[in-house]
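Here is a short report on one model. It covers confidence, a chain interface and a helix pair.

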Amino acid sequence: MGTAMTEIAQTARPSLNVSQILQRYGTIAILVALVIVAASMSDVFLTERNVINVLRQISGTSLMAVGMLFVILTRGIDLSVGSVAALGSVLSAILIQKYGAGASIAVTLLGGAACGLVSGGLIAFLKLPPFVTTLAMMTVARGLALIVSAGQPIVMGDSGAAVTAFGAGSFAGVPYPVILMTVVFLIAGTVLMFTRYGRLVKAIGSNVEAVRLSGIPVAWYTMSVYVISGVLAAAAGIVSASRTGVGSANIGVGAELDAIAAVVIGGASLMGGRGGAFNTFIGVIVLGIIANMMNLARVPGYHQQVFMGVIIIGAMLLQYASNWLRR
Amino acid sequence: MDKLVELSGIRKSFGGVHALQGVDFALDAGEVHALLGENGAGKSTLMRVLGGEYIPEAGTVKVGGEEPHFRAPSDAIARGIAIIHQEMALATDLTVAENIFLSEIPSVISWRDLNRRARALIDSLGFAIDPAATVADLSVAHQQVVEIAKALSRNARVMVFDEPTAVLSVQDAERLLGIIRTLRARGVGVIYISHRLDEVFRIADCITVMKDGASVATVDRSEVEIDDVIRMMVGRSLKALFGEDVARSPGAEVLRVEDLGDGGRIRGVSLSVRAGEIVGLGGLVGAGRTEFVRLVFGAERAQTGRIFIHGKEKTIRSPGDGVRAGIGLVPENRKEQGLILDFPIRVNATMARLGPLVNRLGFVRRARERAAVEDLAKRLRLKAGSLNDPASSLSGGNQQKVVLAKWFHAGGDILVFDEPTRGVDVGAKTEIYSLIKSLAAEGRAILVISSEHLELFGLCDRILVMREGEITGELGPEDYTEEKLLRLAMVSPATPETVDMN
């Protein structure tokens with residue numbers, strides 16, 4: 001065949017225009033702006049203690065956000081993560097008293113996986129809508145957590161020493177939950193960028209029919225992201241229990257919204273196919289800093305919620321500005 | 001006398017691209033004027049200028065001798081210009097009558113009056129459609145009728161049809177041509193854009209050919225032959241359109257299908273394709289050809305029948321099974337079923353067989369992948385800036401090549417093409433035909449569905465014709481006439497109402 005017809009020139013990348021810059025670096029811009037504002041508002045903000053504190057506070061949400069990212073990449077949504085975290089929290093606290101830390105953590109993570117397997121299976125194989133299915137799972141998991149704990153906080157006590165040591169301890173000044181969070185983000189980022197699994201998850205979110213007609217077993221992949229989300233939500237529950245020493249069925253109320261907000265602030269598209277782990281990580285930090293700023297500025301709790309919503313919308317507007325500029 | 005529409009010296013560019021470079025075009029009342037040209041020649045841009053969507057940088061638009069200076073589509077509509085889009089712009093959840101009078105629905109609706117007026121309009125086009133029916137429940141053809149009625153309700157004097165028959169079955173296309181004749185008789189000026197030249201030659205009074213943003217020529221239909229028009233469009237003849245012929249001889253049987261059915265529309269189809277053979281599937285839109293090949297590929301579950309590949313029976317219950325059995329499907333709708341448009345060409349091309357490009361931990365080996373895709377691009381003569389560009393950045397023909405690259409890479413020896421050149425310009429068509437022929441010459445078994453009869457005749461070694469989910473006959477090259485094909489494709493004997501062979 002004539003090679004003259006082939007033109008695969010290795011052309012230089014065209015210089016980025018404003019909308020591309022916003023799309024690529026918008027999330028980081030938000031973060032930088034927030035840090036500058038926060039640092040100028042409070043001398044405490046940039047102290048090591050406060051920074052560590054912020055990171056520790058976001059460690060639970062961040063695990064849920066990673067799971068949420070995988071789900072959102074396939075064009076799904078998982079509203080059950082907060083409830084599954086609560087289930088994880090009470091399960092781990094109860095089991096640890098009888099079976100020790102290792103078995104308790106393993107069974108709890110399996111429980112989270114089971115929740116994801118049920119919703120994911122219904123969504124992937126029976127084609128139920130993700131929103132409603134995980135909404136149902138949200139009340140089921142919360143209900144299970146309340147049943148298991150009889151509605152009472154479960155104090156782990158001495159038997160939970162290993163777990164609480166994880167929650168309170170640190171390595172070289174970095175709390176263990178923060179290390180866990182970092183590792184999870186690194187793994188997620190690697191999977192999404194370099195592996196077949198990550199590529200196919202994103203591809204399914206972008207055009208599921210084209211992927212199916214390429215012979216890929218789409219349903220299994222779709223189900224798997226809910227399993228990942230369930231496991232990470234249960235892990236978030238364990239982290240919560242490890243930090244307080246108490247398993248509670250009341251944690252994680254509304255956490256699904258924080259997780260979704262973090263993913264979206266990180267520039268992922270709710271229509272699937274677009275988003276990454278690094279930006280989601282920044283999204284979680286942005287949320288953490290906003291909450292921290294308001295605490296430092298002594299904004300009362302109720303007001304904080306209003307501000308939080310306003311700031312999230314502001315961050316979204318910045319993300320969407322890139323789309324408007326493109327037209 | 002003033003022309004109904006007169007465009008002169010129209011220029012329009014986007015960024016640095018000169019889409020229109022001084023185009024002249026004129027339309028009389030009661031005239032059907034075909035506008036032809038390859039994709040990208042500027043036909044649609046010109047019509048958007050006429051429709052008030054684009055404001056030209058230079059040139060004048062005159063309607064009935066006046067120069068109205070369109071600023072927005074509503075200005076053009078007010079002047080009686082209606083554009084019937086290929087993707088119809090109807091509110092599918094509303095009723096027929098609501099759609100027709102959408103822009104002028106009064107705040108208090110008299111349903112009886114609205115429905116009566118809608119019915120009168122539709123009747124005048126020679127159709128019987130319930131004005132109270134929901135548009136989503138109508139066939140594509142009937143939706144088009146509603147769109148035309150909507151334009152008539154606004155007293156349109158100029159109607160632009162952009163590829164109106166691309167989505168229609170043969171009978172419906174016939175009826176549409178009938179409507180256009182009615183419109184012409186009423187004094188409406190019709191601008192007709194189509195890639196189907198046989199159709200153009202039956203309906204048009206006058207033909208304007210565009211190329212590279214300029215009008216090449218305007219001719220009377222009676223003065224030219226199809227071949228002349230093709231030469232004007234691409235500078236080559238009909239014979240050359242189908243690419244160079246490669247010597248090939250059919251080998252052993254590769255695919256055999258026995259009595260395949262889905263328990264509904266497909267009622268037991270059997271066929272066999274040999275290595276090196278190109279077999280066409282002819283028939284009307286809706287005859288079940290797409291459904292049938294989707295069963296073979298596993299995109300849909302078959303209920304009855306057996307599939308043999310190289311003589312061995314295979315169970316195919318999912319596209320994954322199909323791919324493993326060596327089948328590749330180049331689907332009808334490239335953008336929705338064939339490609340992930342936002343994703344790089346590279347990713348699209350390797351989607352169907354990532355196995356060899358992935359290490360044991362599931363990591364994609366980028367270097368190996370790049371080498372594989374560069375090789376594919378070379379073999380398929382893909383024209384792309386970079387293989388990391390999104391598939392959406394390519395032209396229709398090159399997008400189709402990416403879909404082909406996917407199946408090349410998957411390595412199967414059965415390829416099924418469903419409308420392989422839909423929405424592809426004439427130049428790229430030739431390349432795709434040549435590719436299909438060379439694929440067959442390399443020993444693959446090839447099945448081609450096409451609604452363009454010329455395409456089947458030019459490409460296939462034999463044609464199987466389907467009607468209502470069954471194969472009704474087979475044509476060899478000596479029987480390649482439109483009449484014979486249609487006779488098998490339609491409920492015989494063909495009625496004069498549906499087949500107008502003149």
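## Confidence

What pLDDT does chain B average, and what share of the residues score at least 70? Chain B averages 86, and 94% of the residues reach at least 70. Here pLDDT is the predictor's confidence in each residue, from 0 to 100. Residues 492-502 of chain B stay under 50. The model has 11 contacts beyond four places in sequence for that stretch. The model scores are ipTM 0.84 and pTM 0.77.

This is a predicted model: local features need pLDDT of at least 70, side-chain atom pairs count only at pLDDT 80 or more, and totals for chains, interfaces and linings use all residues. Residues are numbered from 1 along each chain as its sequence is written, with chains lettered from A and ligands numbered from 1 in the order in which they are written.

## Chain B against chain A

Chain B puts 33 residues in contact with 27 residues of chain A. Contact means C-beta atoms, placed from the backbone, within 7 Å. On the chain B side, helices H11 (319-324), H12 (334-338) and H14 (366-380) each give two or more residues. Helices are DSSP runs (H or I, at least four residues), numbered from the N terminus. That side divides into 18 nonpolar, seven polar and eight charged residues. Ala, Val, Leu, Ile, Met, Phe, Trp, Tyr, Cys and Pro count as nonpolar; Asp, Glu, Lys and Arg as charged; the others, Gly among them, as polar.

## Helices H3 and H10 of chain A

The axes of H3(A) (residues 81-125) and H10(A) (residues 255-265) come within 6 Å and cross at roughly 125°. Axes are lines fitted to C-alpha atoms, for helices over the stretch in contact; angles run from 0 to 180 degrees between N-to-C directions. H3(A) and H10(A) are therefore oblique to each other.

Val81(A), Gly82(A) and Ala85(A) of H3(A) meet Ala255(A), Glu256(A) and Ala259(A) of H10(A). These contact residues are four nonpolar, one polar and one charged.

Conventions:
Parallel < 35°, antiparallel > 145°, perpendicular 65-115°, else oblique. Contact = placed C-beta atoms within 7 Å.
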